[in-house]
Amino acid sequence: MHILIAPDKFKGSLSARDVAENIALGLRDVLRDAKIAIVPMADGGEGTAEVICDALGGSWLKCKAHDPLGREIDARYAWIADRKLAVLEMSEAAGMRRLSESERDPVRATTFGVGEMILNAAQYGAREMIIGLGGSATNDGGFGMARALGFRFDYEHEQEHERKVTFLLHLTKIAKPKDFILPKIIAAVDVRNPLLGENGATRVFGPQKGVADNKIDNLERALAKLADVVSREFGVDYRDEPGTGAAGGLGFGLMSFCGARIRPGFDVVAEAVRLESKMKDVDLVITGEGSLDRQTLEGKTPAGVARLARKLGKRVFAIAGRTDENRQVRELFDEVYELSEPGVSEREHIKRAAELLRERAQELAKAL
């Protein structure tokens, strides 16, 4: 039996490679003669750069940047030398992981550090960039990134002393920097939300990042004003494009200021790791992620793996930290195995994730 294991990370617990290796250990306890291949996956969220870097034999470069609140940090991105390809994650500079819970404030948080990383990669000689847009702490529509790249923002009143996102309500003009040239940029997203509206960046993701209810309307209007001025100044309007609401509207900013193309992160990673060719000769596929729920259908790794497996006529199984019993999600797989157990806390599940993965893999192997 030939088995391919292609999971994403279990957020806050195990990397995609750790997940895959623990599943493999569990399978080998039962299926001693099975041929097992491991392909760690990602979908534009955190871990995307690591997965592509490992698959393509890349290295890591460091640069100075600023976190969401303007503190200097050391950031890193993957470098694939033979392709002159830089693989960045916006969360490295502007992610939730850079802030404590008490510091979360998308009115003040900006993507300035993401712009600094882009500049560094361009100066290093990148001909192409992939930027993963998962895990953001921001809701600035890419405004901070654009400032770092040299775009000038003019307001009705001078606002130099502080850079709150809500100052965009008073935006009057945006000027491009002179001789502004960037390499080709792919924005890898794991959501399809537009910039604005009920399904947009602010209303869907803002509360998860700490936006108070009484600030949502102001932030929404600020991003609408940004889109209006971009449309007037540059003659492009991407506010309704799927994925422009990713990372607090950074998808919109990358398209508007950098000429980026938005693509599903799963597709970008699957191409980089040659997932389809590796799947062709296997008997069955196992994938997984920390949570299987309605959002899984929006472009997350397990759904992408399952659809590709079905296309190739393969059986496909999932092992997840937890599920919400969504019927459409369940129907993607031949069977779903869940780590969570009654009476065990989430903290304990996270602590025991590796052990539980091996146990569920053993169960799956016995069922085969």
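The largest nonpolar core holds 62 residues, and I118, L133, F153, I174, L226, L254 and F257 touch the most other members. A nonpolar core here is a set of buried Ala, Val, Leu, Ile, Met, Phe, Trp, Tyr and Cys residues joined through side-chain atoms within 4.5 Å. Buried means under 20% relative accessible area, exposed over 50%, and partly exposed in between, with a 1.4 Å probe and protein chains only. The model is predicted, so local features need pLDDT of at least 70 and side-chain atom pairs count only at pLDDT 80 or more, while totals for chains, interfaces and linings use all residues. Residues are numbered from 1 along each chain as its sequence is written, and side-chain values use heavy atoms, with hydrogens and water left out.

**Nonpolar cores**

- Helices (H or I, at least four residues) and strands (E, at least two) are DSSP runs, numbered from the N terminus.
- Leaving aside neighbours within four places in sequence, I174 is in contact (heavy atoms within 4.5 Å) with F151, R152, F153, L226, V229, V230, E233, F234 and F257.
- A second, separate core has 41 residues, including A6, F266, L308 and V316.

**Aromatic pairs**

- How many aromatic pairs does a search of the whole structure find? The search gives seven. Rings of Phe, Tyr and Trp (its six-membered ring) pair if their centres lie within 6.5 Å; planes under 30 degrees apart count as stacked, over 60 as edge-to-face and the rest as tilted.
- F143 and F153 form an edge-to-face pair, because their ring centres are 5.1 Å apart and their planes stand at 85 degrees. This pair links distant parts of the chain, ten residues apart: F143 is in helix α5 (residues 143-148) and F153 is in strand β7 (residues 152-155). F143 and F153 are buried.
- F151 and F234 are also edge-to-face, since their planes meet at 65 degrees with the ring centres 6.2 Å apart. Here 83 residues separate the partners, with F151 in the loop between α5 and β7 and F234 in helix α7 (residues 216-234). Both F151 and F234 are buried.
- Ring pairs join F143, F151, F153, F180, F234 and F257 into a cluster.

**Charges over rings**

- The charged end of R76 sits over the ring of W60, 3.6 Å from its centre. The criterion is that NZ of Lys or CZ of Arg is within 6 Å of the ring centre and within 35 degrees of the ring normal.
- R147 lies over the face of F143, 5.6 Å from the ring centre.

**The loop between β6 and α5**

- S136 is found in the loop between β6 (128-132) and α5, and its relative accessible area of 7% makes S136 buried.
- Which side chain makes a polar contact with that of S136? The partner is K209, at 2.7 Å. A polar contact is a pair of N or O atoms within 3.5 Å; within protein, one must be able to donate a hydrogen and the other to accept it, and residues adjacent in sequence count only if both atoms are side-chain atoms.
- Beyond its neighbours within four places in sequence, S136 is in contact with M90, A94, G95, M96, K209, A247 and G248.
- A137 lies in the loop between β6 and α5 and is buried, with a relative accessible area of 1%. The C-alpha atoms of A137 and M96 are separated by 4.5 Å, although these residues are 41 apart along the chain.
- Outside four places in sequence, A137 is in contact with P68, A94, G95, M96, L99, P106, A109 and K209.

**Helix α2 and the cysteines**

- In helix α2 (residues 48-56), T48, A49, V51, I52 and C53 are buried. Their cover includes α1 (16-30), β3 (59-66), β4 (72-80), β5 (85-89), β6 and α9 (265-273).
- Just after α2, G57 takes a positive phi of about 65 degrees.
- The structure holds zero disulfides, a disulfide being a pair of cysteine sulfur atoms within 2.5 Å. The sulfur of C53 is 15 Å from the closest cysteine sulfur, in C63, which is too far for a bond.
- C53 counts as buried at 2% relative accessibility, and C63 counts as buried at 5%.

**The loop between β11 and α11**

- T296 lies in the loop between β11 (284-292) and α11 (301-311). At 0% relative accessibility, T296 counts as buried.
- Apart from neighbours within four places in sequence, T296 is in contact with S291, P302, A303 and V329.
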